[in-house]
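Here is a short briefing on one protein model.

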Amino acid sequence: MNNANSAHSPFSKAYERGYGHHMNTIIYHLARQSGWQAALQKGIYDGTAEDRVDGYLHFSTANQVIESARKHRAGETDIVLLTVDAAVLGPALMWEPARGGDLFPHLYGTLNVSDVSAATALALAADGQHIFPPLDDCS
C-alpha cells in the first residue's frame, strides 16, 4: 500500500508545503559575489547571511526576482544572479507563501554548484536597481 499521502507520511507535510509544485520551473537566487566565489572553491553554496538566519536559501521565479532584488538588494553592487532548474533540487525545495501570499521556492539545504546553470553578475542602473538579463520560467 502506498502511504505517500497518508496523514502520518513524511511526504504529506512536503506536499502541504508545496513540494512537487512548479518542478518544471527555472528559479533564481540573488547571491553576493564573495559567497558565490567561495562556493566555486568548495563546490557547495550555503547562501547569504540572511538565508542562514532563516534556515533556507531564498529563491524566486522569473516573475518574482526583480521585485525581490528591488526590495532586498537595491544599490548592492556585488550581486550574482544564480539560475537553477527547480527539478534538480528534489524534496529539499519547498514552495511556501511569502510576500503577498505568493508561493516562493525555498531550498532547505545547501546548493551544489553543479546545479547552477548560469551565474550572471548584475549591473546597477543609475536609479540603484539591478539590470537583469532575459529571464526564463520554463513553466
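His-130 is found in strand E10, residues 130-131; helices (H or I, at least four residues) and strands (E, at least two) are DSSP runs, numbered from the N terminus. This is a predicted model: local features need pLDDT of at least 70, side-chain atom pairs count only at pLDDT 80 or more, and totals for chains, interfaces and linings use all residues. Residues are numbered from 1 along each chain as its sequence is written, and side-chain values use heavy atoms, with hydrogens and water left out.

- His-130 is buried, at a relative accessible area of 9%. Buried means under 20% relative accessible area, exposed over 50%, partly exposed in between (1.4 Å probe, protein chains only).
- The His-130 side chain reaches the backbone oxygen of Glu-76 at 2.8 Å.
- Leaving aside neighbours within four places in sequence, His-130 is in contact with residues including Ala-69, Arg-73, Ile-79 and Leu-122. Contact means heavy atoms within 4.5 Å.

**Gly-128**

- Gly-128 sits in the loop between strand E9 (123-124) and E10.
- Gly-128 counts as buried, at 16% relative accessibility.
- Gly-128 and Glu-76 are 52 residues apart in sequence, yet 7.8 Å apart in space, C-alpha to C-alpha.
- Leaving aside neighbours within four places in sequence, Gly-128 is in contact with Ala-74 and Gly-75.

**Nonpolar cores**

- A nonpolar core is a set of buried Ala, Val, Leu, Ile, Met, Phe, Trp, Tyr and Cys residues joined through side-chain atoms within 4.5 Å.
- The largest has 18 residues; Ile-27, Trp-36, Tyr-45, Leu-82 and Leu-111 have the most contacts inside it.
- Strand E1 (26-32), helix H2 (33-42), strand E4 (79-85) and strand E5 (93-97) each give two or more residues to this core. E4 gives the most, with three residues.
- A second, separate core of ten residues includes Leu-30, Val-65, Ala-69 and Leu-81.

**Largest pocket**

- The largest pocket holds about 330 Å³ of space. A pocket is an open set of points on a 1 Å grid over the protein atoms alone, where a 1.4 Å probe fits, with protein on both sides within 12 Å along at least five of seven lines; lining residues have an atom within 4 Å of a point.
- Of the 18 lining residues, His-58, Ser-60, Ser-68, His-72 and Arg-99 are the closest to its centre.
- H4 gives the largest share of the lining, four residues.

How values were computed
Points joined across faces, edges and corners; volume = space filled by probe spheres on them. Polar contact = N/O pair within 3.5 Å; in protein donor to acceptor, adjacent residues only side chain to side chain.
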